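Here is a friendly briefing to read beside your structure. Please keep the 3D view open as you go through the points.

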Amino acid sequence: MFRASLDDAKNLKYIIESVSDLVDEAVLFLKRDMLSMEACDPSLVCKIELDLQSSFFTDYKATEERTIGLSMSALRKVSRRILLGDGMFMELNGGTMDFTLQSSIERQFQCMLLEAQEEVLPTIDVEYPVFIDMDVSVFKEGVRDAAIVANSVLFEVTPEEMIISAEGDTERARIRITSTNESVKEFRVKEACCSRFNLGYLVSFLHSSYISDSVHIYMGDKNMPLRIDFPVEGMRLTFYLAPMEL
Amino acid sequence: MFRASLDDAKNLKYIIESVSDLVDEAVLFLKRDMLSMEACDPSLVCKIELDLQSSFFTDYKATEERTIGLSMSALRKVSRRILLGDGMFMELNGGTMDFTLQSSIERQFQCMLLEAQEEVLPTIDVEYPVFIDMDVSVFKEGVRDAAIVANSVLFEVTPEEMIISAEGDTERARIRITSTNESVKEFRVKEACCSRFNLGYLVSFLHSSYISDSVHIYMGDKNMPLRIDFPVEGMRLTFYLAPMEL
Amino acid sequence: MFRASLDDAKNLKYIIESVSDLVDEAVLFLKRDMLSMEACDPSLVCKIELDLQSSFFTDYKATEERTIGLSMSALRKVSRRILLGDGMFMELNGGTMDFTLQSSIERQFQCMLLEAQEEVLPTIDVEYPVFIDMDVSVFKEGVRDAAIVANSVLFEVTPEEMIISAEGDTERARIRITSTNESVKEFRVKEACCSRFNLGYLVSFLHSSYISDSVHIYMGDKNMPLRIDFPVEGMRLTFYLAPMEL
């Protein structure tokens with residue numbers, strides 16, 4: 001038996017928006033103390049990890065652990081119907097996961113379970129030399145600035161600053177965020193790093209940025225994936241992105 | 001001679017939006033006490049009836065009764081130029097119907113009259129076993145919930161509740177509105193009914209939903225058309241929709 | 001050396017929007033007391049002239065006069081990143097014009113200089129028999145009214161009124177603005193004029209209308225170009241549009 005409910009399903013709406021942009025199917029782990037999700041995009045360039053602690057939900061009950069597959073395009077359709085202030089109740093029922101949206105009336109959506117894929121997704125366990133905690137809005141605008149100029153972006157970090165830059169045929173963008181900027185809460189750099197990433201993926205990650213006021217950026221040298229977290233009480237939402245050739 | 005004016009043309013704007021979505025040409029009856037309109041979509045799946053009483057208008061004068069045809073795409077262009085708070089004056093002039101929008105300046109649009117079609121539109125006179133008067137917003141969201149999942153929707157009504165449901169390949173939606181829900185003002189059911197309808201038409205009808213806080217739903221068994229009214233003082237706007245195979 | 005800064009780059013954003021709609025490249029004259037721009041659309045139907053006085057800028061310094069070319073599509077990309085309240089600093093640096101947007105962080109865009117075209121753009125020096133100063137919103141709505149009906153618009157001006165009209169296959173629009181209308185500040189007509197213009201160009205000009213509350217319209221007989229100014233303190237933004245066959 002699996003059941004969970006939320007008083008306000010808004011954050012879930014944003015997360016599904018972001019994940020469904022990147023992934024066709026997701027594997028959900030219905031555990032006793034949390035609902036976890038893992039998914040990779042088809043080209044294995046990015047990985048998404050989501051842990052929703054039981055405390056994230058208003059009610060949460062899983063009497064047996066289970067792994068299920070869900071179509072992200074089906075979930076996206078449901079998420080589009082989450083209106084401002086809607087509560088959500090989700091329940092596993094035979095071959096479907098049922099989502100009930102609760103406002104003055106009840107609206108129920110059933111999504112058919114898919115075979116959870118056998119393949120084991122890669123585990124990423126890295127010690128990062130760079131950690132930055134900053135206002136999500138400033139990081140988001142920086143990425144958007146870069147995105148108008150090119151398809152890839154260079155992140156350069158020194159103990160003093162982070163530079164986001166992109167280069168098109170006739171124009172260049174360069175965003176400089178100093179470690180002492182008011183939007184930066186923490187800026188830990190063991191060694192200067194420089195790495196290039198695909199902007200399309202980053203823009204999809206940022207669909208989730210509405211759930212949090214800040215973003216945690218973990219970075220390393222040119223062989224390490226970028227890690228982006230949007231911290232919210234009771235949950236962990238982590239995006240990994242493989243680097244491009246410099 | 002035909003002349004009519006409105007202090008606020010907003011409701012007319014919404015109605016034209018809805019009707020022009022479904023119909024290429026409309027037949028207008030300029031009567032002494034009201035302006036009436038009848039139109040069917042080309043496939044005869046839906047019918048729209050509109051009665052605008054003389055009391056709906058600020059001024060209304062028709063000295064001789066007349067039947068005219070108007071292009072709905074021309075009317076739609078005019079309706080798009082109705083700005084918030086614009087008054088409207090309409091007048092029949094030889095071969096055109098002239099619409100004058102009045103804010104601080106006068107903007108006049110002339111639409112050429114079309115030959116009013118000879119063919120008589122079907123008259124629908126049915127006694128419905130189901131009548132529901134409810135908040136238009138709740139009904140609208142229910143229809144939209146169904147529309148993300150499939151192209152057709154099933155309405156099931158019992159004395160206790162109305163169920164709106166739709167079924168796609170991998171997901172299902174089911175909206176349950178009980179007769180005692182706070183959004184329901186009247187819920188009269190002589191016999192339980194069940195009928196299926198095309199969602200595309202329903203969504204077009206709902207463009208008109210902005211004119212009214214409530215919707216009147218008349219329904220019967222699987223051979224009866226659905227009837228949807230958006231009640232406003234001084235007018236009657238009725239949509240009929242033929243049922244699909246169950 | 002050329003440097004200029006603005007506390008609020010909003011108006012520049014709207015102007016670039018409008019100009020980039022019409023023109024691929026623009027020639028900028030960096031003069032000691034003002035930044036000027038001239039551009040024609042590829043078919044030479046319209047011409048845009050812009051003078052930004054040094055007083056328009058918070059700071060302005062040009063130590064040598066210079067003429068440069070800039071890609072309007074590159075400028076448009078930069079202008080799209082100007083957020084509400086952003087300051088802007090622009091500086092000529094070797095082969096690029098650098099635009100720095102300043103909010104809590106600095107975001108720099110570099111646009112490569114193009115060869116300033118040798119060809120001299122036509123100079124327009126005409127005495128206009130008609131001058132109208134009116135609310136820009138009223139003129140804008142009038143042009144939009146016409147644009148839904150046809151691709152060209154007729155302007156007819158007499159000492160008593162201005163008539164904007166357009167004629168489609170089955171509908172006609174006619175907007176009448178009397179010289180005594182409250183939206184009209186000045187209405188000087190030496191002789192009645194009538195001229196036809198392409199609506200596509202006019203609609204592009206009006207993207208700039210956000211910078212000003214009023215519009216100055218200069219008009220003449222059917223062989224004279226229309227002149228449209230959006231007056232703002234410290235700058236001149238002028239659009240010329242060649243007439244069509246009547």
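A:Ala166 is buried, with a relative accessible area of 4% (buried means under 20% relative accessible area, exposed over 50%, partly exposed in between, with a 1.4 Å probe and protein chains only). This is a predicted model, in which local features need pLDDT of at least 70, side-chain atom pairs count only at pLDDT 80 or more, and totals for chains, interfaces and linings use all residues. Residues are numbered from 1 along each chain as its sequence is written, chains are lettered from A and ligands numbered from 1 in the order in which they are written, and side-chain values use heavy atoms, with hydrogens and water left out.

**Around A:Ala166**

- You will find A:Ala166 in strand β12 (residues 161–167) of chain A; helices (H or I, at least four residues) and strands (E, at least two) are DSSP runs, numbered from the N terminus.
- Beyond the neighbours within four places in sequence, A:Ala166 is in contact with A:Ala146, A:Val149, A:Ala150, A:Ser152, A:Arg172 and A:Ala173, where contact means heavy atoms within 4.5 Å.
- From A:Ala166 to A:Val189 the sequence separation is 23 residues, and the C-alpha atoms are 22 Å apart in space.

**Around A:Glu49**

- Strand β4 (residues 46–53) of chain A holds A:Glu49, which is buried at a relative accessible area of 10%.
- The side chains of A:Glu49 and A:Arg236 are joined by a polar contact of 3.0 Å. A polar contact is a pair of N or O atoms within 3.5 Å; within protein, one must be able to donate a hydrogen and the other to accept it, and residues adjacent in sequence count only if both atoms are side-chain atoms.
- Not counting residues up to four places away in sequence, A:Glu49 touches A:Met37, A:Glu38, A:Arg236, A:Leu237, A:Thr238 and A:Tyr240.

**How chains B and C are related**

**Where chain B meets chain C**

- Chain B brings 15 residues to the contact and chain C brings 18 residues.
- Together they bury about 1,500 Å², 50% of it on carbon and sulfur atoms; buried area is the accessible area (1.4 Å probe) that two parts lose on being put together, summed over both.
- Four salt bridges are counted between chain B and chain C, a salt bridge being a side-chain nitrogen of Lys or Arg within 4 Å of a carboxyl oxygen of Asp or Glu.
- C:Asp145 and B:Arg81 meet through their side chains in a salt bridge (2.5 Å, N to O).
- On the side of chain B that touches chain C, α2 (72–80) and β9 (106–114) each supply at least two residues, and β9(B) gives the most, with seven residues.
- The residues on that side of chain B divide into seven nonpolar, four polar and four charged. Here Ala, Val, Leu, Ile, Met, Phe, Trp, Tyr, Cys and Pro count as nonpolar, Asp, Glu, Lys and Arg as charged, and the others, Gly among them, as polar.

**Where chain A meets chain C**

- This contact takes 17 residues from chain A and 15 residues from chain C.
- C:Arg107 and A:Asp145 form a salt bridge between their side chains (2.4 Å, N to O).
- Nine residue pairs are in polar contact across the interface of chain A and chain C (both at pLDDT 80 or more).
- α3 (136–147) and β13 (171–178) of chain A each supply at least two residues of the side that touches chain C, with β13(A) giving the most, seven residues.

**Salt bridges within chains**

- Over all chains, the count comes to 51 salt bridges.
- B:Arg236 forms a salt bridge with B:Asp51, the closest N and O atoms being 3.1 Å apart. B:Arg236 lies in strand β18 (residues 235–241) of chain B and B:Asp51 in strand β4 (residues 46–53) of chain B, so the pair ties together parts 185 residues apart in sequence.
- B:Arg236 is partly exposed at 27% relative accessibility, whereas B:Asp51 is buried at 15%.
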